[in-house]
Each structure stands twice: as C-alpha cells, then as structure tokens.
Amino acid sequence: MTTIRQRRVGKGTEAAEDQPSEETNVKPDGKIPPDPPGGKLWKVLSITVGGIVAISLGLLTSVYVATLHENDLWFSNIKEVEREISFRTECGLYYSYYKQMIQAASIQQGLHGLVYDNKTESVRTINILERMNVYQEVFLSILYRILPIQQYLEPVYFYIYTLFGLQAVYVIALYVTSWLLSGTWLSGLLAACWYITNRVDTTRVEFTIPLRENWALPFFAVQIAAITYLLRTHLQPAQERLTLMAVFIATFLFSLTWQFNQFMMLIQALALFILDCLDMLPTAKVTWLYIIQISGLLLVCVLQFFNSMILGSLLISFNVSVLVARTIQKNLKKGGLLNRLGKLILHVLLVLCLTLLINKFIKKILNLESDEHIFKFLKAKFGFGATRDFDANLYLCEEAFGLLPLNTFSRLSSTLLFYIYGFVLFLLTVAAVIVAFRNLSGSNQVQLQEKMEEYTVTLKPDAAYSLVHTILFGCLALSTMRMKYLWTSHMCVFASFGLCSTEVWKLTLKCLHLYTSQRTQVIKYSVPVITLLYISFKFWPGIMDELSELREFYDPDTVELMNWIKSNTPNTAVFAGSMQLLAGVKLCTGRTLTNHPHYEDKNLRERTKQIYQIYAKRSPGDVHGILRSFGTDYVILEDSICYERRHSRGCRLRDLLDVANGHIMDGLGENEPDLKPSLYPRFCEEIKKNLPSYTMHFTRVFQNKTFHVYKLAKHK
C-alpha cells in the first residue's frame, strides 16, 4: 500500500472593459459604430494588461501544482523505481509507453513495438495505438529524443512538466472564456482564483499526472473558449473562419487524448441541440459545430487504426441524425406556439429514433461490444434492474463512479463559489425560460426586442450556451463523482461571468426597482473586488502552509516487490494479479502482463474476470488451469484485496466474484436465495497454508507484509 509520510529533512488590480455590450452598441442598420476618441487606445491597454494577468496566473498555477507534487513525494530525491510506483494504476500503464518509446533503439522501432505489442496482454498481439489514447506519449517521447535536452532534463521531468504546463493552458482558457462572456478581464481573474482555491474539486493533476483527463481537459477548455467567441454576433468572415479552425483543432486534440471524449462531446452536442431548437443559437454556427465534432472524431478514428468504438459512438449517430432530421423538417422554426411545440416534439422523437437506429446498425455491422460495460453500468446505476454482471458491479462499487458527495458543496461554498454560482444559475435559468417561451411563441421582432430589453443577457448566444453547458455537465457531475472536474472548472467561469456581467446586474437591479447605470457599474466592479479580497485574505495563509508542508513517498513493500521481480525473474516472465498492480509491474520491470486497467475491450474484461478467480472460491486445479491458459508464470496475491475492508459487504472484490460465480458471500448478512455455498475455500486464503493440493501447482517464491508471489508449475 502506497502512503505519504512526513519528510525527514535536516536543517490590485483595476478592471476595465475591452468589449462593449453587443446589444447596445449596434446601430439600427446593423453596423458597429466606430470607437470614440481614445477608446481604441484604452481597449488595447485593457487587452494587454488582461493578457499579461492571464499568462501570469496560468504560469503561477503550473508552478503551484508542480511544487505541491514535489513537496508531497520529494520527487527529486526518491529513486527511479519509487517515482514510477507513484504513477498509480492506469497512470503507470500510460507512462510505460512513453518510457518504452524513450528506451527504444530508434523511433521506428519504438512505434513498431507499440503497433505490434505482445507484452501488455500475454498470448496476444495488440495495437496499442488503436486500443489506447497514447499519441501524446508518442509525441512527447519523439520530442524528447530530437531536442538537445537529454543532458539537462530527465525523461520523467520532461513528461510531468509538460502536464503541469498544460495546467497553465487550462487556466488561461478558463480566464479567457469568462472574459469573453462578461466583457471584463476582472471576471477572468476571479475565475482563475476560484479554480486555484478550489483545487481539491477542480483538478487532481498533482497526484494523477498521466491520467487521460489531465491531457484532455485543457484542450476542452480551449474549445469552449473558442465556441464562446464563435457565438458572438457581428464577427467578420475571416474571424469566423479562424475561430472555426481553432474549435476544430481543440476538438481534435481533446478527442485524441481521452477515450471518453465521445461522451463529453455528446453532452455538448445535446446542449447545442436544445438551444438550436429553442431558437437561442444561430443555426448555421450550430451546424458547423456538429460537423466539426464528427470530423474531429473521424480523424482520430483514422489515427487509431479505425477504432470501432469511435465509429460506433453515440455522438456520431446523434449528430448525423440531427442533420438528417433538419433536412426532413425544413419549416421547424415557423408558426405559432402550439404549432412549433408540436413540430419540436416530432423533431426530438425523430432525432432520438434515428440516433438509436443508426447506432444499432453501425454496431451490428462492426460487431461492436467494446463499450457494452458502460451501458450495463448506466442501466444498473439508474435503477433499471439489478445486475450480477461483474464489470458493471465493479464500477458501481467504486466511490469515483458514485453520486457526488455532499461535502463537495460545503468546500465550494467556503470560497463563496457555490453561493454565487447558484444565484447566477437561478437568475439566468429563469430569464432563459422566458426567452425560449417568447422565441417559440412567434412574436414579431420589434415586440420581442421591446419585451426583452430587461433580459438582454439571455439573448446573447454565448451566455445561453454557457448556461445549458453548465446545467448538463452539472447533472453529469452529480450522478458520477469522477466527472465533477468537467463541471467545477466551468462553475468558476460561470459564476465569475455572472458576478462581473453588466447585463446580469442590470436585470437584477431592475427586478428590485433599483436600476441606474451608475449603480450598475459600481456594483459590477466592487462586488468582484470584494470577493477577490475575501478569497485572498481567507485562503492565502492556507496556500502558504500547504506549500511549506514537506512529505515523502513511502511504499517499501511495493519497492521490494519490483526490485525482486527485476532481479529474480526472466525478462520474458508473464505475471498475473490485480489490474492496478500489474500496470506498475509493466512500468517498473517491463515484464509481460495477463491483464491491465485499460478496460475498454470485451476480451480483456472477460480475461480480467478469469484472472480474478485467484480471489474467489475455486479449486487450485481450476485456478492453475485458468492462469496457465494465459501463459502465466507468476501470480501476485495482495492481502489488501484478499482481506479487503475498504468496501462494505457486497462491494468487496471477493463478494463481486462470489455473486458472479453463484456463491454465497462471506460474513454476516443476506444473500440472494439462489446463491449456494462453494465446494472450495477461498483460493487466496487457502494457498498460504501450503497444503499438498496447492503446492503441486504453486510454489511461493516471494513474500512480504503486503504481497505473496507464487510460481506456477508448468505441468498440464
């Protein structure tokens, strides 16, 4: 078990608007009036200062998380094997391919080793570039090899500094998005400060560095910033083309770096679909965004050797269905309220049916089953029947895939973020509902403009998109804790935008019958500044204490295991064990694995369930036969799994295996009526007694407080 212990060591800003309100600075003929004398200079100065602040905050965030990582592990002082062990579970697996490329005799040989890999899954040759999103490791390893930095920077530091550098991109993108929405860079400053002070809930990069989301989310934030700019009115054609190109590049990079990209972009596509149906976004721009999503995903599909999971994604089926349905229903946005509502209901049903039909057709043709575990998990999670499926229950029992804990909201409230977010969300949701109703009612344009004067903010397409985006990703985060990082970062943007928005304060004050232009301007700047001062005074001492706290990586049992494997087993040895541990075995020792944590493959899931019979109630002969069928030479048993106490009864790994095998679970408690007692004791417990029926198949060759390694007899 990896632990962190105490290290033993010896002895003001003024905001300015750079963008005038889009609604109030447009002449009746549609032209934008020229800037007043001195206005252009002020705008350039504001953009320059705001840009410098954005870059500074991004770099500070990067240094901050890098310092936390160093202080937590004493990364610069520990041995290489300890550094590699610190990349836990799937993080270690991804980093192992970077290490493999660095150590290859040539770039071509390294690529060949990835395309024809026979060490990640024993007795199988798989294409790593097809199965996993590791192009970032490939690119980074090639960059490290060709740059003249080998003498000055170790490969591991080049890798982690790149990830910490991406945090700077992430914060700058959030800053720019908030700035674009509100018109003042004070909003971006507040968003960045909230992101940093709520670090526990906005990122986990400092302790899960190679995780795919840490690569992908900065590009997703850049994409959202580009979409926000694209949805502004009165863009010149050249500006629009450049922005579309930026959206495409960011979408492509996001899709390339994370296997769950299709699900995130499906939610984004749903947001666009809702707003387009309610006439709150320009249809032409929405169409371009659908096309960009499809083209970006298809380009990734080509790079991943036509990965079938991408082709069978719901996103492609949904976007194609929307475009087809729109051509069928050409007069969707004409008519009165009831007429349009009827058309809208038919449109939604048509899109839904087309999506399911297209997706089912593609999966039937491709015989696609790679993502079935996700839908089994969702079915069980939302109460559509209990399941004994091992894979679905494995997800259901993990805290990361459970509901968002309530203490998350208390932490977010301590920085005032959640309170302000709730206020802005409520205000804009009510206003957006009114706008949507009036859009659907078919009022003429003059009446609409007069009636909506008090709700100008909701007429802005970028604000409308941000609203629906945060609602949908909020629902995702509430249902699945692991996805909260997609929501909380945008929460910082949304709350800061609302607090610094002229339109929001104008609407609020008019509702309270207190509106004056001067009062709006005073509140718009004073409230964010007061909030920033509160955050600074309350959290600056804590951040300084956090940065001064020095700890040290400490996991002697795992270090001992890895060193023993490297010294006492042949390079061709095949190891079986838990997915999480085997990722570390591959990284630290280079030995061949039977299974690993990248779970998006049906054959691997079935293989993992079979390997995990070492923790079930099976006979030694059965377990030996299963392990040998995968070419296993050594099996590693972990006491932390065999005698697990972290989960409650019914969610321990041994319980999931017992139920899947039709056996009664251990301990006090109820069992389903059709479960029966096993004829054999639990393998991981009984093997330690060295009974003849076990020693004829298994010989213990290594043991410490945490791990037990057994060598398999090779008789048939």
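Helix axes here are lines fitted to C-alpha atoms over the stretch in contact, and angles run from 0 to 180 degrees between N-to-C directions. What you have open is a predicted model, in which local features need pLDDT of at least 70 and side-chain atom pairs count only at pLDDT 80 or more, while totals for chains, interfaces and linings use all residues. Residues are numbered from 1 along each chain as its sequence is written, and side-chain values use heavy atoms, with hydrogens and water left out.

**First stop: α10 and α24**

Select residues 212-230, helix α10, and residues 484-499, helix α24. Helices are DSSP runs (H or I, at least four residues), numbered from the N terminus. The axes of this pair come within 11 Å and cross at roughly 40°. α10 and α24 are therefore oblique to each other (under 35 degrees counts as roughly parallel, over 145 as roughly antiparallel, 65 to 115 as roughly perpendicular, and the rest as oblique). Now show the side chains: E213, L217, F220 and I224 of α10 meet Y485, L486 and H490 of α24, where contact means heavy atoms within 4.5 Å. By class, these residues are five nonpolar, one polar and one charged (Ala, Val, Leu, Ile, Met, Phe, Trp, Tyr, Cys and Pro count as nonpolar, Asp, Glu, Lys and Arg as charged, and the others, Gly among them, as polar).

**Second stop: α1 and α26**

Next, pick α1 and helix α26 (residues 517-548), which pack at an angle of about 45° with axes 8 Å apart. Y64, T67, L68 and N71 come from α1, and I543, E546 and L547 from α26. This contact has four nonpolar, two polar and one charged residues.

Stay on N71, in helix α1 (residues 39-73). Is N71 buried or exposed? N71 has a relative accessible area of 9%, so it is buried (buried means under 20%, exposed over 50%, partly exposed in between, with a 1.4 Å probe and protein chains only). Its side chain reaches the backbone oxygen of L547 at 2.5 Å. That is a polar contact (a pair of N or O atoms within 3.5 Å; within protein, one must be able to donate a hydrogen and the other to accept it, and residues adjacent in sequence count only if both atoms are side-chain atoms).

**Last stop: R682**

Finally, centre on R682, in the loop between α32 (653-660) and α33 (683-686). R682 counts as buried, at 3% relative accessibility. A polar atom of the R682 side chain lies 2.8 Å from the backbone oxygen of Y615. Leaving aside residues up to four places away in sequence, R682 touches Y615, A616, K617, R654, D658 and D666.

Definitions and conventions: Helix = DSSP H or I, 4+ residues; strand = E, 2+ residues; numbered from the N terminus.
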